[in-house]
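The sequence and structure come first.

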Amino acid sequence: MNTLGNKLRVTVFGQSHAPAIGCVVEGMPAGFAPDMEKLAAFMARRAPGQNAWSTNRKESDIPEVLSGLVEGRTCGAPVAAVIRNNDQHSKDYSGLRRTPRPSHADYTAFIKWGDDYDIRGGGQFSGRLTAPLCFAGGLALQLLEARGVTVAAHIDQIAGVSDTAPDFAAVDRADLTALLKKPFPVFEDDAGMAMRQAIEAARMDADSVGGVIRCFALGFPAGVGEPMFAGVENRLAGALFGIPAVRGVSFGAGFAAAGMRGSAHNDPFHMDAGRVAARTNHAGGVLGGITTGMPLVVNVGVKPTASISREQDTVDLETGEDAKLVIHGRHDPCIVPRAVPVVEAVTALTLFDMLLEG
């Protein structure tokens, strides 16, 4: 299933080394005039080849809108866009069909589809497919912004180095807006420098590192979501796990809540300018699957990049014997920085879809 959403449905298509990748967005409200320059700037945050902590694959990631816009405004028809692939090195993957890469989907894809699987660049499992997700999510971000909702994320951790965590009950909109302008989105720039040093150390050691992204949504109304299996956490977690390399999703205090007492974890209510608010926000803005009106706080754990230059153990699927593997090609020593806008995009798509559901 390559489709996300109910009222706002996004279908992603393509493979890493296909001529193009893209998406179809159904349910986009008519009469919306997206700011295409703002959308391009958002997508550029995810694009490869811009700095030392990303792959040097060069892709402009400029979307070509095929339908759904007339004179710059949505017309009610599905919005379809493609992004051309221009810098593929398919020969780097020629020998991987028989020797699957550890921590990649090569082996499971072979079991499911055999030799018909497109292994080039990871095929449909590649992080390259997050580019059209950012196109669709960038539109959703603008639609949410028009409704007073700000979605922004920061790098909370990389390689054990942590950023300064804001007060979840008093997240500042100006601070989030400032994050969106940073090439390396952290609240504390010294922590960001230490993270970049850890990434470089891993790269020099032919290795990789992972981390945690924390995403906030401010201004999202209370009362959205359903109990049990259609809660806000359920919907967001299901969508965010569609991002390659995501290994965990939590909300508010997350797993730290397991080590707290109830008296410390509970968020006391109080009246604030005539509305119900909470003095703390360990719940991350959701109770019983339904939003409280407090800032939504979502934590996303991202694994180390699976493709590393070190020799690794694998198997030879043709001979049935153990084998050694050295991965060639161009890969991020840490995908966390480029995954930040992807987390924002998927969060925005999910939240706007839930708003449309009423």
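## Salt bridges and side-chain contacts

Arg214 and Asp156 are both buried, where buried means under 20% relative accessible area, exposed over 50% and partly exposed in between (1.4 Å probe, protein chains only). The model is predicted, so local features need pLDDT of at least 70 and side-chain atom pairs count only at pLDDT 80 or more, while totals for chains, interfaces and linings use all residues. Residues are numbered from 1 along each chain as its sequence is written, and side-chain values use heavy atoms, with hydrogens and water left out.

The side chains of Arg214 and Asp156 form a salt bridge, that is, a side-chain nitrogen of Lys or Arg within 4 Å of a carboxyl oxygen of Asp or Glu. Arg214 belongs to strand β10 (residues 211-218) and Asp156 to strand β8 (residues 150-158), so the contact ties together parts 58 residues apart in sequence. Helices (H or I, at least four residues) and strands (E, at least two) are DSSP runs, numbered from the N terminus.

The whole structure has 19 salt bridges. Three of them are listed here.

| Salt bridge | N to O distance |
|---|---|
| Arg128 and Asp61 | 2.7 Å |
| Arg98 and Asp316 | 2.6 Å |
| Arg214 and Asp156 | 2.9 Å |

Arg128, in the loop between α2 and α3, and Asp61, in the loop between α1 (36-44) and β4, are 67 residues apart. Both Arg128 and Asp61 are buried. Together with Arg46, Asp61 and Arg128 are linked in a network of salt bridges.

The bridge of Arg98 and Asp316 joins the loop between β7 (79-84) and α2 to strand β17, 218 residues apart. Arg98 is partly exposed at 31% relative accessibility, whereas Asp316 is buried at 11%.

## Aromatic contacts

A search of the whole structure gives 5 aromatic pairs. Rings of Phe, Tyr and Trp (its six-membered ring) pair if their centres lie within 6.5 Å; planes under 30 degrees apart count as stacked, over 60 as edge-to-face and the rest as tilted. Trp113 and Phe125 have ring centres 6.1 Å apart and planes at 40°, so this pair is tilted. Trp113 is in helix α2 (residues 106-113), and Phe125 is in the loop between α2 and α3 (130-146), so the pair ties together parts 12 residues apart in sequence. Trp113 is partly exposed, with a relative accessible area of 35%, and Phe125 is partly exposed, also with 35%. Tyr117 and Phe125 make an edge-to-face pair, 5.9 Å centre to centre with 70° between the planes. Tyr117 is buried, at 6% relative accessibility. Trp113, Tyr117 and Phe125 form one aromatic cluster.

## Strand pairing

Which order do the 5 strands of the open sheet take? The order is β1-β2-β3-β7-β4, with antiparallel pairing; two strands pair if DSSP finds at least two bridges between them. The edge strands, β1 (3-4) and β4 (64-67), each pair on one side only. Strand β1 is joined by 2 bridges to the antiparallel strand β2 (residues 9-14), and the bridge partner of Thr3 in β2 is Thr11.

Strands β17 (residues 311-316) and β18 (residues 321-326) run antiparallel and are joined by 6 bridges. Thr314 stands opposite Ala323 in β18. The hairpin of β17 and β18 has 4 residues between the strands, and Gly320 takes a positive phi near 75° there.
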